[in-house]
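Hello,

Here is the structure I promised to pass on to you. Have a look at it first, and then read my notes below.

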Amino acid sequence: NYYGHTDMSWSLLLSQNDSWVSYLIQLLPTTESACVIVGNMVGDESSASICPTLRQAGMIPALIAALNAGPASSAAAWALTNAIRHDTNAWGMTYVGNDPQLLSPALLEHLVVSPPTTTTVVATQAAWMVASLTSREPEVVDYLVQHASFCSTLVQCLEQSSKTDDPICVPLVQALGHVASQEAHVPPLLMTTSLLPLVARLLQQPHSRELTLQLAWLA
């Protein structure tokens with residue numbers, strides 16, 4: 001109970017303070033704790049009301065900038081994943097585009113591949129971003145897969161990661177399943193990647209129950 005606001009969460013109360021929100025967004029690119037706070041806020045039960053406020057204050061470009069800010073990158077990736085997953089009042093295309101302040105297919109590929117400049121945590125969170133984005137409107141899937149190497153990158157990452165049952169496998173399979181759920185994308189997915197033999201092979205190997213279920217659904 002805060003000043004009589006028994007029906008409001010702390011996150012919602014904080015989001016209603018414009019000056020506090022503005023300061024928090026300014027801290028995001030370089031401050032891990034600020035990214036954690038935003039990640040908690042957008043994952044809150046009131047996230048549908050909180051996300052629009054944080055978006056208008058510049059949350060998306062600030063978190064994307066933080067992805068390349070060393071210590072803050074893992075927390076920023078987690079916060080961005082939470083935002084994409086819970087910001088249900090916004091179109092998925094709010095988060096993706098060719099604008100450098102948004103998530104482009106090339107950037108998502110770069111993050112999922114987990115180069116030396118990122119971490120496996122960032123790569124796994126990036127895969128969850130893709131899984132969430134591809135579960136949104138068909139236009140989002142169309143936009144992502146029109147990038148020539150997008151699906152093949154996901155399949156290649158899955159092939160490499162499946163050798164060790166890496167946690168990234170589940171969101172990768174889920175994302176590919178979302179792509180395959182759209183009939184128009186199935187032929188190019190099968191003809192331009194090694195997805196089918198990979199899935200057939202993985203289904204014959206022991207994996208976690210969750211990954212096995214996702215593979216069966218994808219197939």
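**What I found**

Within the protein chain, helix α11 (residues 169–180) has the highest confidence, at a mean of 97, while helix α1 (residues 10–15) has the lowest, at 80. Please keep in mind that this is a predicted model. Its protein chain has a mean pLDDT of 89, with 93% of the residues at 70 or more. Residues 1–7 stay under 50, and the model gives them four contacts beyond four places in sequence. Where pLDDT is low, the predicted coordinates should not be read in detail.

Now for a pair of helices. Helix α5 (residues 59–66) packs with helix α6 (residues 73–86) at an angle of about 145 degrees, and their axes are 8 Å apart. Their crossing is left-handed. On the α5 side, M59, L63, I64 and A66 make the contact, and on the α6 side S73, A76, A79, L80 and A83 do. By class, eight of these residues are nonpolar, one is polar and none is charged.

Last, the rings. R85 lies over the face of W128, 5.5 Å from the ring centre. As for aromatic pairs, the count is zero.

Enjoy exploring!

Note on methods:
Residues numbered from 1 in each chain as written. Predicted model: local features only at pLDDT ≥ 70, side-chain atom pairs only at ≥ 80, totals over all residues. Heavy atoms only, no water. Phe/Tyr/Trp six-rings, centres within 6.5 Å; stacked < 30°, edge-to-face > 60°. Lys NZ or Arg CZ within 6 Å of the ring centre and 35° of its normal. Axes fitted to C-alpha atoms, helices over the stretch in contact; angles between N-to-C directions. Helix = DSSP H or I, 4+ residues; strand = E, 2+ residues; numbered from the N terminus. Left-handed = near helix turned anticlockwise from the far one by under 90°. Contact = heavy atoms within 4.5 Å. Nonpolar A, V, L, I, M, F, W, Y, C, P; charged D, E, K, R; others polar. pLDDT = per-residue confidence, 0-100.
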